[in-house]
Structure formats: structure tokens, C-alpha cells
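Colleague: I am new to this model and would like to learn how to read it. Could we go through it together?

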Amino acid sequence: MFNRKELDKLYQYAYSLTSNSHDAEDLLHTVIERMIKKLAHTEIEFTQAYTRKAIRNQFIDDCRHKNRIAFDTLDDHPMLLSTTDLEKSYVDQHQVDQLMQCISVGEKELLYLWSVLGFTASEIVEETGQPRGTILSRLFRIKEKLKTIHRSLSSKEEGY
């Protein structure tokens, strides 16, 4: 079905949604188990994209059952203007952990698809089914939000 490297990528994706290793393992296990059961009854080829979609849908279902998911409105994140690119900034592991605590699940998913998997906006559109303009504006807002938080964390560490 999947080799070890592909399973690792799927686990990373599940972890990007859950932010917890045990929850990510459970989520991936649940999805893989369901896919194995379907495999016995159908000849569908289970690709990475199909499996990520199944992981996302299972995660949303789990959150609805637990009533844990936080949905952000566009008004919650005003657009900020800056010319500094986050990619060019050095960020250590501690700062990454702090930054990840400041963003929502939806933002983590989008950031994972864009920065870790290297998806383009068009590929993210195909993956999530959201409009391209929405993806582009969300990516912009996430980058600006992370830059602002990073600056704030850096100034606190420098003693300002």
C-alpha cells in the first residue's frame, strides 16, 4: 500500500493537524485501517493525495465529535504589510514551537502543504477544493501573522 517514507509523510501531515504525536498516530491508524477495509471491496488506488484528504476529513469529523475545532473568520486576521520574507529569516526550534502554538489548525494544514510538501497554490487548490484567491490570501495572512509573532518573540528574547 505505502512504503515507510510515504507513511512518514502521512504521519507528518496528521501531526500538522493534531499537534500531538499520539493523536497523529491514532488519526493515521484509523484512516489506514479504513482504507485497508475498502481495499478488500474495491480496486481504488490509494494515493498520497487521496489519503491526505481522508486524514483531513477524519480529523474534521473527530473534532466535530469532540467539538474542539476553532474556525477563524477572515476578519480575525487583518492584512499586514511588510516586505520581509519569512523564508529568509532564521528561526530556531523553540521559536518554531512557539509560532505553531499561535496559529489555528487550518493555518497549520495550509502551512504544511505549502512549506513542507512544497505545494504550489494551484496544487493546494486541487488538494483542498478551496478557491485559488482564498488560498493565496490565507497564505499571505499566515506569513504576515508569523512574521509579526516572530518579531515579537525576538524582541522579548533580546530584552526590549
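Colleague: How many helices and strands does the protein have?

Modeller: Helices (H or I, at least four residues) and strands (E, at least two) are DSSP runs, numbered from the N terminus. Here there are seven helices and zero strands. This is a predicted model, where local features need pLDDT of at least 70, side-chain atom pairs count only at pLDDT 80 or more, and totals for chains, interfaces and linings use all residues. Residues are numbered from 1 along each chain as its sequence is written, and side-chain values use heavy atoms, with hydrogens and water left out.

Colleague: What does the protein average in pLDDT, and which element has the lowest mean?

Modeller: pLDDT is the predictor's confidence in each residue, from 0 to 100. The protein averages 78, and 80% of the residues score at least 70. Helix 4 (residues 93-101) has the lowest mean among the elements, 73, while helix 1 (residues 4-18) has the highest, 90. Over residues 74-91 the pLDDT is below 50, yet this stretch has 29 contacts (heavy atoms within 4.5 Å) beyond near neighbours in sequence. Where pLDDT is low, the predicted coordinates should not be read in detail.

Colleague: What share of the residues is buried?

Modeller: Buried means under 20% relative accessible area, exposed over 50%, and partly exposed in between (1.4 Å probe, protein chains only). Of the 160 residues, 32% are buried. Leu39, in helix 2 (residues 21-39), has a relative accessible area of 39%, so Leu39 is partly exposed.
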